[in-house]
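Here are my notes on the model you sent over. I have set them out as numbered points so that you can follow along with the structure open.

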Amino acid sequence: MREAGAEVALLDCLDPMWSDVRWPGRSRFGTGAYPKLRMEKPECLQSVPRHYSRYGLSYEAVAGALRLLQPQPDCIFITSIMTYWYPGVLTIIDLVRKAFPGTPVILGGIYASLCREHAEVHSGADLIISGPLEHPGNWKQVWELLERPVPAIPEPLPAGPALDCYPDPPFSIILGSKGCPFHCAYCASDVLNPGFLQRSFGALRTELQTEIDRGVRDFAFYDDALLIRPETWLDPLLKRFTADPGVRLHAPNAMHVRYLTPALCKLLHTAGLKTVRLGLESADFSNRADRKLSLQDWEEGLANLLAAGFKTEQIGAYILFGLPEQDGEEVVRAVRFAHRHRIRPHLAQYTPIPGSSLFEKAKSCSQYSIEEEPLLQNNSIWPCKPGGFTWQEHTYWKQFTESGNRVFPRRNPNGYDRLR
Ligand code: SF4
């Protein structure tokens, strides 16, 4: 939009740097909890024994910020993230409608892309955008809504995130690519960002230098496929950071273990990578939901990380939990596998994502109407796990994953302990 001549202001309802808003304490590397407000549970979640809360800035804080916005906007873009967070999106649309009656509201992002029909019925936005804004059809529709000539479509890359919209960030992000060349059945990356595009290091260098110059020290990679073709941008970027020992890097998205070569591991370590997350998903290597990883890949990748100087306590492995028809014992085996390698298992609770190839199966396995009601796609309620969410099981899995090599509870609701 800036390339097309627009001035842009950003309101991020999860930005912890609002001076007049009390935020829970920050943890290491700029991470931390969000303020939350317990809300009345929606009807469809009444049977789930958990609280229902809204996270981030309060309604009043957002309303107050909108009142101060000058000049009044010509147009308001609202993004959306998880499909089951859509009530927050609807609340924001209601707020901006009250603050700026008559101003066009355009809704995009993940919920709008994956649950378009739902958004058309419920959101109240003037225009719903599916997929990237820079897709020709989306771009044209936006300018037609604004009744302005359609400017040239900007390239999706090399322009990066508008990091300068955050005046005083405690951390920043690095995004060197869009999309992912893999097509895992449980993921909708190729629907949201078709194709796989990488930026050049030249395009990234200036924006990162700007961040370093204003004091940012923690950077998180947001790429879906960080390690693919590292010579394009990642290798030179890591070499640049090697010369800046104060910088800490974090890879909260799972890295592809197969691509952890000795040379790349060494570069990641010398560049200051502190948080390492690997995509393990399952330890049943011959019967996985994806084809990304073999046992040999795993052993070699992990050995390369350790040989490069990473400590096991820095490394975590994501394990998919709650897949349609998944056997709980498979998850137990994966957690034990991670424990045996002395790395921390993280249960990544499966979210049935509309647009992913596994969604049809998820629908047939779920006790909920997950297609009609995005709230029921919430991974916190284990929507595709037989029997759904129970506190006893929740406690069991928490203790089990955190138990490391210690003895974990012998009794559990599903009898998985017979594997011991
Ligand atoms: S799960 Fe990860 S590797 Fe698989 S398609 Fe999605 S982003 Fe790519």
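1. Which residue forms a salt bridge with Glu-120? The partner is Arg-116, with the closest N and O atoms 2.9 Å apart. Please keep in mind, here and below, that this is a predicted model. Both residues belong to helix H4 (residues 116–122), where they sit four residues apart, about one turn of the helix. Glu-120 is partly exposed, at a relative accessible area of 44%, and Arg-116 is also partly exposed, at 28%.

2. A second pair to look at is in helix H2. The side chains of Asp-94 and Lys-98 form a salt bridge, at 3.0 Å from N to O. Helix H2 covers residues 86–99, and because Asp-94 and Lys-98 are four residues apart in it, about one helical turn separates them. The two ends fall into separate accessibility classes: Asp-94 has 33% relative accessibility and counts as partly exposed, whereas Lys-98 reaches 56% and counts as exposed, the cut-off for that class being over 50%.

3. Asp-297 and Arg-258 make a salt bridge too, and here the closest N and O atoms are 3.6 Å apart. This pair links distant parts of the chain, 39 residues apart. Asp-297 is in helix H10 (residues 295–308), while Arg-258 lies in the loop between strand S10 (248–255) and helix H9 (262–270). Is Asp-297 buried or exposed? Asp-297 counts as buried because its relative accessibility is 19% and the class takes in values under 20%. Arg-258, at 36%, counts as partly exposed.

4. Some salt bridges share partners: Glu-360, Lys-363 and Glu-371 are joined into one network in this way. The count of salt bridges comes to 18.

5. Now for the domains. At the interface, nine residues of domain 1 are in contact with twelve residues of domain 2.

6. How much area is buried between domain 1 and domain 2? The figure is about 720 Å², and carbon and sulfur atoms give 72% of it. On the domain 1 side, Phe-29, Gly-30 and Leu-114 lose the most area to domain 2, together accounting for 60% of what that side buries.

7. The polar side of this interface can be listed briefly. Between domain 1 and domain 2 there is one salt bridge, and the count of residue pairs in polar contact, with both residues at pLDDT 80 or more, is also one. By class, the domain 1 side that touches domain 2 has four nonpolar, four polar and one charged residues. Elsewhere in my list of pairs to inspect, the side chains of Glu-134 and Lys-178 meet in a salt bridge, at 3.0 Å from N to O.

8. Finally, please have a look at Leu-133. Leu-133 lies in the loop between strand S5 (127–128) and helix H5 (136–145), and with 24% relative accessibility it counts as partly exposed. Leaving aside residues up to four places away in sequence, Leu-133 touches Met-1, Phe-77, Asn-138, Trp-139 and Val-142. Pro-154 is 21 residues from Leu-133 along the chain, and their C-alpha atoms are separated by 9.6 Å.

Conventions:
Residues are numbered from 1 along each chain as its sequence is written. This is a predicted model: local features need pLDDT of at least 70, side-chain atom pairs count only at pLDDT 80 or more; totals for chains, interfaces and linings use all residues. Side-chain values use heavy atoms; hydrogens and water are left out. Contact means heavy atoms within 4.5 Å. Buried area is the accessible area (1.4 Å probe) that two parts lose on being put together, summed over both. A salt bridge is a side-chain nitrogen of Lys or Arg within 4 Å of a carboxyl oxygen of Asp or Glu. A polar contact is a pair of N or O atoms within 3.5 Å; within protein, one must be able to donate a hydrogen and the other to accept it, and residues adjacent in sequence count only if both atoms are side-chain atoms. Ala, Val, Leu, Ile, Met, Phe, Trp, Tyr, Cys and Pro count as nonpolar, Asp, Glu, Lys and Arg as charged, and the others, Gly among them, as polar. Helices (H or I, at least four residues) and strands (E, at least two) are DSSP runs, numbered from the N terminus. Buried means under 20% relative accessible area, exposed over 50%, partly exposed in between (1.4 Å probe, protein chains only).
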